[in-house]
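Dear colleague,

I am handing over the structure that we spoke about, and you will find it directly below. My notes on what was found in it follow after that.

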Amino acid sequence: MIRRTGYHVAMSIVSFLWVAPILWVIVISFRSFDDVAANGLGSLPHSFTFSTYKSAWEDADEFRALINSLLVTIPAVLLSLGLASIAAYGLARYSIPFRRTILLLMLMGNLLPPQILLIPISRFVELIGYYDTLIALIAVHVGFGLGFYTFVLHGFMRDLPREIQEAATIDGAGPGRIYSSVILPLTRPALAALGALSFTWIFNDLLWSITVIRSGEKMPVTPALLGLQGLFVSSWNVIAAGTVIAAVPTVAVFLRFQKHFVGGLAIGAVK
Amino acid sequence: MTGLAADRRTFLKGLGVLGAATLIPGCATSTKSPGSSGGASSELSLQSNLSSEQAKAAMENLVAAYNKTGGSQVKLNTVAAEIFRTQLPTYLTSANPPDVYTWYAGSVADSYAKKDLLLDVTSVWDSMGNYSKAMQSLSTSSAGQKIFVPTSYYWWGMFYRKSNFAKWGVTPPKTWAEFVAVCKTIQSKGIPPIGIGLGDTPWVASAWFDYLNIRINGAPFHRKLLAGEGDFTDPKVKAVFTKWREVLPYFDPKGKSFPFQEATSALLAGKTGMFLIGTFFADSAPKDALDDIDFFQFPIIDPAVPVAEEAPTDGYFASKKAKDPEGTKKFLAWLATPEAQNIYVQSSSGTAIPANPDGKSADTPLVKKGKAMIEGAAEITQFFNRDSSDALQPTADAALTKFLDKPDQIDKILADWQTAAQKVFKA
């Protein structure tokens, strides 16, 4: 009994530590600028206002920034998962020569720190005339995600029973049909988990957006938030409000796919 | 895979590397843009780093006013200051760069002129004869061309709350001895006399180095030192730190842990006595506290040294590859007029002073006093990074932060600083 209480007390403290920074941001987002300026960021709130949300929405143009983010994130997630699942299907279900090498090669790209590729990518995008477009950003995200998604999906598809595919072949299904009607539906938990993950990664990206985009009105939400910081002085309450707004889409996606996400984590846990 | 989600600092560090690397010739393969159209284009792009709410609105007003005058239409593009700083080399070396940029006068602009990236705006200066000599030399590249158009400046001073000084029974000091006496009095009331904010903003300490150096050794020595013609192990530099040690016990011990914006809150709340800072801090003050704020000039140490003040100058430069050089120059010439500068000063936070002597600054006692101080100064310096380079600033941050922690190791700190600075100058 004591052990159990101790466990709960300890875990409550740990969870509080985990949640505290988020709570702190939410509290700051409801404080007025004069309150923050006079009492400091760390003090207890002396004011309550919704105006911070209004100024984040209007001054940072967060609505347009969110639209830009979604315009990049949704196609990038769909494209990269679609391509990765086709690649994984081929590599996992057919004995393609050098398939191990191909897979390792794709994965190797992810071992490079992205900073190394900043100059080549920024120059290349400019060379082909797509600098400062959202298409460039989508292409970069698809390119970077592909290796890792293929690797994860490959592992999942490899473990699907051979007999299902054989039965489908006997029923007269070709590789395309087997992919779309048999393998893809069975891969859904893994796709949902990866979808939620990649959505968060792409949505929260800052590096690539400021590398390939120059115009303020095309910037996704992360650089727009950075734009709330002034040259010297920053309205932390407005930044906090902007951050809370920017977190909504990812939280929504996570809640929607939560079940798959937890299920997806257990993929391959038991052999 | 977490590479996609690494934190902002790592990203920006990487971007800094990107920015630096694109400046290296040969590494930056200049690409030809497929859509580059010859001849005059009707639109100029202005890349601005003034992203805070007020400054952004002021820029929008400014651009709207110019677009009404006819001529090329200007399109304002505001990006976050931090992104702008790291991406500026990329912007300038790209095939199709923005035409006009907000930036700082002095060697930070000259470093781009040395790479032959900036438009020669000598003809714009024909209409700017009334600008001060200091402004002219700040806007001239080392090759002797005018490359910059200054539009406003601000000043640094020792800021305090009038009501608190009255409560503690002290008056603004003029000399170093008086300053130390004021510190003693404030400390006796249980308040840390000198506020500072070095967490996240370690460059604030450079203001102390700058001011002590220009008060003890004079502005010419300071400029030479920052240009790499001096040596940080020079006994004259050590004298700066010997003086600094005299007031070190009066610094707010908490100042190392928070950024200058929090240090401003501490000053306003009466938790510190004075704060050596630029006027931009006023943007982070509640409006009702502003009337109670005053400043005094950094105390005079050696009356024989001509008085110099720090007045960082802001303005614009243009890309050498500007699509419509004549239209660009016309816009820059307009920015140099008192009318344009009045529009900006009136709608921005109000502590900036127009660079054009005929421009009207905000009509508050504080701004009048600041303007008089700068105009009365025999020499003008800007700030550590603006008088040297953004690359040298981190070496100063490292040395000064260490000095504040371990003042007795000054000889070793200065030797390390010299080594680090040498690397920057040789790069």
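I begin with one residue of chain B: leaving aside residues up to four places away in sequence, Tyr104(B) touches Ala109(B), Pro312(B), Thr313(B), Asp314(B) and Arg386(B). Please keep in mind throughout that this is a predicted model. Tyr104(B) is found in strand β3 of chain B, which covers residues 100–104. Is Tyr104(B) buried or exposed? Tyr104(B) counts as buried because 20 other C-beta atoms lie within 10 Å, and the threshold for that label is 20 or more.

Strand β1 of chain B, residues 43–48, pairs with β2(B) in the parallel sense over 6 bridges, and Ser48(B) has Thr78(B), in β2(B), as its bridge partner.

Another open sheet of chain B has 4 strands, again with mixed pairing, in the order β6-β7-β5-β8. Its edges are formed by β6 (194–195) and β8 (293–296) of chain B, each of which has a single partner strand, so one side of each is left without a neighbour in the sheet. The partner of β6(B) is β7 of chain B, residues 274–278; these two strands run parallel and are joined by 2 bridges, with Met274(B), in β7(B), as the bridge partner of Ile194(B).

Turning to the domains, the domain assignment of chain B gives domain 1 as 7–26 + 41–153 + 313–359 and domain 2 as 156–310 + 384–426. Taken over C-alpha atoms, the centres of domain 1 and domain 2 of chain B are separated by 29 Å. How many residues of each domain are in contact with the other? In chain B, 7 residues of domain 1 are in contact with 9 residues of domain 2. On the side of domain 1 of chain B that touches domain 2, the largest share, 3 residues, comes from helix α4 of chain B, residues 107–114. The residues on that side of domain 1 of chain B divide into 2 nonpolar, 5 polar and no charged.

Chain A is described here by its overall features. Chain A has 13 helices and 0 strands, and its C-alpha trace spans about 75 × 65 × 30 Å along its principal axes. Of the 271 residues in chain A, 39% are buried. When contacts in chain A between residues at least 6 apart in sequence are considered, 77% of them join residues at least 24 apart.

For chain A there is also an annotation from a record: an unreviewed UniProt entry places "domain: ABC transmembrane type-1" over residues 66–257 of chain A. In the model, that span of chain A is 77% helix and 0% strand, and its end C-alpha atoms lie 20 Å apart.

With best regards

Definitions and conventions. Residues are numbered from 1 along each chain as its sequence is written. Chains are lettered from A and ligands numbered from 1 in the order in which they are written. This is a predicted model: local features need pLDDT of at least 70, side-chain atom pairs count only at pLDDT 80 or more; totals for chains, interfaces and linings use all residues. Two strands pair if DSSP finds at least two bridges between them. Domain bounds come from an automatic or database domain assignment. Two residues are in contact if their C-beta atoms, placed from the backbone, lie within 7 Å. Ala, Val, Leu, Ile, Met, Phe, Trp, Tyr, Cys and Pro count as nonpolar, Asp, Glu, Lys and Arg as charged, and the others, Gly among them, as polar. A residue is buried if 20 or more other C-beta atoms lie within 10 Å of its own, exposed if 12 or fewer, and partly exposed in between; C-beta atoms are placed from the backbone. UniProt positions are given in the numbering used here, feature names are shortened, and annotations may be inferred rather than shown by experiment.
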